Amino acid sequence: MSLLRVQDAHLAFGADAILDGVDFTIEAGERVCLVGRNGAGKSTFLKAIDNEVVLDSGQIQWVGDTKVTRLPQDPPKQSEQRVFDYVAEALAESGKALARYHELSASLTDSPSSATLDEMDKLQNQLDAINGWQVNTRIEQVLTQLQLPADETMAALSGGWLRRVALARALVVDPDILLLDEPTNHLDIEMVRWLEEQIVNFSGAVLFISHDRAFIRRLATRIIDLDRGHLTSYPGSYDTYLQKKQEALEVEANHNAEFDKKLAAEETWIRQGVKARRTRNEGRVRALQDLRKQRQQRRELQGKANLAVNESSRSGKKVFEGENMALRFGDKPIINDLDLLLMRGDKVAFVGPNGCGKSTLIKVILGMQEVDSGKVQLGTNLEVAYFDQHRAQLDPEQTVMDNVGDGKQDIEFQGRSRHILSYLQDFLFSPKQSRTPVRALSGGERNRALLAKILLKPSNILVLDEPTNDLDIETLELLEQIVANYQGTVLLVSHDREFVDNTATSVLYFEGEGVITEIIGGFTELNHYLAAKAENSFHSNGTKAAAKESDSNKSSQSKGKTADKGSDKPRKKLSYKLQRELEQLPKVIAEKEAKLEELQQLMNEPGFFEQPLEKTEPVMTQIAEIEGQLMQDLERWEELENLSEQSS
């Protein structure tokens with residue numbers, strides 16, 4: 001069933017149309033990925049669907065009472081607002097009333113004022129009238145599903161948790177269509193996998209923009225391509241899209257070549273001598289004028305970036321060697337007994353949760369951070385080019401050419417002089433764009449500008465911190481080639497699984513508590529390592545479980561024989577074993593309740609949710625496990641109590 005129809009949509013900012021007669025339909029249950037070059041208008045298209053941008057002409061039609069919600073590209077800002085209130089805001093009147101009711105409830109004292117009680121009474125009546133308590137249940141269900149703390153403030157949450165809160169706000173309205181704009185940006189690999197599972201289990205339709213090819217391959221059931229104002233649908237997988245898109249571009253190129261050949265022939269004819277012009281066919285002249293008009297209106301396919309590196313003289317063969325390195329920040333271990341050897345030409349990916357110490361280890365390797373203990377030896381003749389994911393090296397008020405060329409008109413690149421505008425054209429910046437302030441660029445264009453700046457610097461060590469964010473896929477693939485062919489050493493921080501697979505020779509995996517494991521290969525080999533580790537843990541636990549089950553079966557068989565033997569007689573009293581179990585259960589329950597209270601106090605401490613997920617997730621998981629065990633213990637205690645009463 002169709003949920004949304006876009007018909008003949010037109011939208012232009014400046015000379016070129018972003019949407020030029022676009023038609024689009026999305027069906028229930030689809031997961032559609034929107035792809036296209038940086039600046040093609042992908043985010044604008046999502047905003048138009050979400051009524052944040054108004055079309056110049058055309059229609060967006062919702063079928064029935066279809067609900068849509070959008071997860072913005074950036075996480076929400078930190079503030080003193082509670083998580084519950086931020087999520088409730090998505091539900092308009094009922095959400096606002098609930099947020100106020102919870103705020104007043106939390107502020108109640110032993111002797112509340114009459115004004116507070118009056119307001120709570122009015123809010124309660126209002127919520128009764130609009131089914132607000134059902135909405136309250138919905139909010140609590142979503143917060144529980146995403147393991148979010150309702151009463152924590154937004155200021156206390158880290159980036160990964162803020163992204164969860166934004167998703168909760170999007171899901172709480174129970175949308176029919178979920179819009180996602182680059183949802184994996186700035187997420188570590190565990191958060192990306194978590195997000196994938198949430199989207200796979202989402203029952204509605206999804207329309208998302210992403211440059212993460214593994215993410216697209218996992219989720220997309222259809223690809224739509226926005227190219228020069230036109231939208232083309234490619235049913236099937238991402239790989240099918242790549243093949244069909246290439247075929248379409250080849251057909252377009254052949255058509256344009258035939259057209260240009262015909263136009264050139266007609267231009268030659270019209271320029272013949274006086275005699276030819278006197279006898280010319282006026283219909284043919286009008287046809288030529290029409291050909292000229294068509295050629296003028298053609299929007300050429302944007303060329304590919306021509307990325308290259310300004311490599312310096314080679315570094316020493318040994319770039320870095322560390323033995324028994326250890327480093328702590330306060331009570332937090334960052335590096336724990338690590339041996340590491342980096343040779344010239346190594347391409348190492350640093351993989352792990354946000355905040356685990358990846359950037360710190362890079363600083364150790366570059367000699368910018370000392371270790372607490374261990375032996376460290378830096379290589380010789382090291383020249384570093386550093387790509388910072390926050391783009392701090394770019395001045396937003398300066399133009400692209402001034403940022404990249406440091407105000408110079410002529411730059412030195414690969415041993416020869418080049419004009420800065422010529423160099424920037426390799427990165428798809430026209431002369432007009434090159435004179436544009438950086439603040440006016442899209443996220444992908446800013447990343448291209450930063451690449452132009454750092455690749456201009458002579459280097460033999462390339463440090464890339466999340467270089468793939470916001471880049472279109474074609475530029476991303478060219479950057480892969482640059483990294484793969486780079487003769488120096490590459491230190492790469494990235495959660496883009498395909499990028500790491502296609503560039504890295506090894507992975508440094510941050511397992512937590514300062515434990516760092518080196519794995520030869522990329523993400524594929526890392527997944528093999530994690531799977532083997534999980535299997536070993538499973539077999540170890542499985543052996544214990546099997547032994548416990550065997551004991552349990554023996555006990556059950558023994559109980560079964562006793563029961564059969566006396567089944568025709570009334571039971572006089574509990575068996576000694578069951579009586580002992582009944583006597584011990586209150587103590588067991590009390591101990592678990594105390595442990596649960598201790599963990600909940602830990603979770604409620606200020607700053608708990610500012611920690612990375614590898615710190616907070618185990619606590620949340622343990623709380624859930626103990627709560628489940630307590631429920632089973634209480635049910636068992638009630639069962640044995642009833643048996644005891646019956647026997648009495």
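1. S459 counts as buried because its relative accessibility is 0%, where buried means under 20% relative accessible area, exposed over 50% and partly exposed in between, with a 1.4 Å probe and protein chains only. This is a predicted model, in which local features need pLDDT of at least 70 and side-chain atom pairs count only at pLDDT 80 or more, while totals for chains, interfaces and linings use all residues. Residues are numbered from 1 along each chain as its sequence is written, and side-chain values use heavy atoms, with hydrogens and water left out.

2. S459 lies in the loop between helix 16 (443–456) and strand 17 (461–465); helices (H or I, at least four residues) and strands (E, at least two) are DSSP runs numbered from the N terminus.

3. Apart from neighbours within four places in sequence, S459 is in contact with V309, N310, E311, S312, E383, V384, A385 and Y486, contact meaning heavy atoms within 4.5 Å.

4. Turning to helix 4, this element (residues 114–129) has 16 residues and reaches 23 Å from its first C-alpha to its last, close to the 22 Å expected at 1.5 Å a residue, the expected span being 1.5 Å times one less than the number of residues. T116, M120, L123 and L127 are buried in helix 4. Seen down the axis, the buried residues of helix 4 fall within an arc of 65 degrees, so they line one face; the arc is that of the directions from the helix axis to the C-beta atoms.

5. Cover for the buried residues of helix 4 includes helix 3 (92–106) and helix 5 (132–145), whereas the face turned away from the buried side carries the exposed residues S114, A115, K122 and A129.
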